[in-house]
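Trainee: I want to learn how to read a ligand site and the pockets around it. Where do we start?
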Amino acid sequence: MLKKVGPFEFVRSLRRILAGKPQIPPSLQDNQLLQVILRRRSVRRFAARDIPEDVWQAILEAGRLAPSTVNLQTWSFATFTARSWQATFGSPLPFKGNRAVLVMGDIHRQQALAAQLPDSPLIFYTLAVINASLAAMAMNLAAEALGVSSVMLSETGRSGLLDIGYLKQKLELPDGVFPLMTIVFGYANGPYPPMPPKLPLDQVCFEGKYREPDPAVMEDWLSQMIAGYKAMRPLSSFEAQLRLYQSKIGQAEADLRSMIYFKKSR
Ligand SMILES: Cc1cc2nc3c(=O)[nH]c(=O)nc-3n(C[C@H](O)[C@H](O)[C@H](O)COP(=O)(O)O)c2cc1C
């Protein structure tokens, strides 16, 4: 069971969240690209405003030109308008977004090359996840630079976790093409949310040998996560989200396993 956060700790944790700010050295504060990267937030409230076509194409271009292992470009992007999302999935685009990209790892397209190598589904899967995620982040940052906000989702709003089997059937995905995330794009409706609790640099960054996490820092972070989750979604809780994952993860794991073992054309 997760720890309980009492009222005093709840308020203290929210205060700590609100005090969290990107650390930018004063000498770099005017750097516009840095500002874009650091001000990005996951946005979950979008305005009823269309993304112009040139802006949308520039966002996709950022994905197309992303770096990848041996330039293999092991990704596919399925694009949606709010209308085509509704027609495909029978539900509105989450958070009233304007456009979406479903980002997939794709090792199907490079089957012929992969067939030259020993069977290594885990390696190809990992490379595809790395590359497609970099493309996702490139699209996310390009959007941000153009004033368009976004949120990455590990689902389509249907099952709560990856929706792999469902999407395979719905989008007729061949083996070796596996959904990773949906990025919902739109213009933010209102100010950006506060920065969720980020671990301090000395918890995630080390020189030399690995540094074990500091239990007090991790406990503090968890309190902030629980309090922040409750503040953002008063009708739910961080614990309820974990329970949802507990119930969905077995099916998602089985669906994914069946998809990453693609048949070689050798
Ligand atoms: C791969 C991935 C999947 C995510 N899935 C969801 C999701 O299903 N629902 C959601 O509300 N946010 C989702 N998020 C957004 C994270 O909750 C968010 O990135 C995190 O809380 C940090 O906040 P920030 O993006 O504002 O820094 C996802 C983020 C990533 C990178």
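Trainee: How many Å separate a polar side-chain atom of R41 from an oxygen atom of the ligand?
Mentor: Keep in mind that this is a predicted model. Here a polar side-chain atom of R41 lies 2.8 Å from an oxygen atom of the ligand. R40 has a polar side-chain atom 2.9 Å from a ligand oxygen. S154 uses its backbone: an N or O atom there lies 3.0 Å from a nitrogen atom of the ligand. Taken on its own, the ligand has 620 Å² of accessible area, and the protein covers 66% of that.

Trainee: Which residues surround the ligand?
Mentor: Read the shell as a list, then by class. The list is R40, R41, S42, R44, M152, L153, S154, P196, K198 and R233. By class, that shell has 5 charged, 3 nonpolar and 2 polar residues.

Trainee: Next, pockets. What is the general idea?
Mentor: Roll a probe the size of a water molecule over the atoms, and you see where empty space is left.

Trainee: In which pocket does the ligand sit?
Mentor: In the largest pocket. About 1100 Å³ of space lies there. The lining of this largest pocket counts 39 residues. Nearest its centre are S42, R44, M225, Y229 and R233. Now look back at the ligand shell: S42, R44 and R233 are among its residues.

Trainee: What classes make up the lining of the largest pocket?
Mentor: It has 23 nonpolar, 10 polar and 6 charged residues.

Trainee: Which element gives the most to the lining of the largest pocket?
Mentor: α9 does, with 7 residues. This helix spans 215-232. At least two lining residues also come from each of α1 (7-19), α6 (121-145), β3 (149-153) and α10 (238-260).

Trainee: What is the volume of the second largest pocket?
Mentor: About 630 Å³. Its lining has 22 residues, and K21, M195, K198, L199 and P200 lie closest to its centre. K198 is also one of the residues around the ligand.

Trainee: Where does the largest share of the lining of the second largest pocket come from?
Mentor: From α9 again, with 4 residues. α1 and α2 (32-39) each supply at least two residues to that lining as well. By class, the second largest pocket is lined by 13 nonpolar, 3 polar and 6 charged residues.

Methods:
Residues numbered from 1 in each chain as written. Predicted model: local features only at pLDDT ≥ 70, side-chain atom pairs only at ≥ 80, totals over all residues. Heavy atoms only, no water. Near = heavy atom within 4 Å. Polar contact = N/O pair within 3.5 Å; in protein donor to acceptor, adjacent residues only side chain to side chain. Areas by Shrake-Rupley, 256 points an atom, 1.4 Å probe, with all protein chains shown as cover. 1 Å grid on protein atoms, 1.4 Å probe; cavity = no way out; pocket = protein on both sides within 12 Å on 5 of 7 lines; lining within 4 Å. Sits in = over half its atoms within 2 Å of the grid points. Nonpolar A, V, L, I, M, F, W, Y, C, P; charged D, E, K, R; others polar. Points joined across faces, edges and corners; volume = space filled by probe spheres on them.
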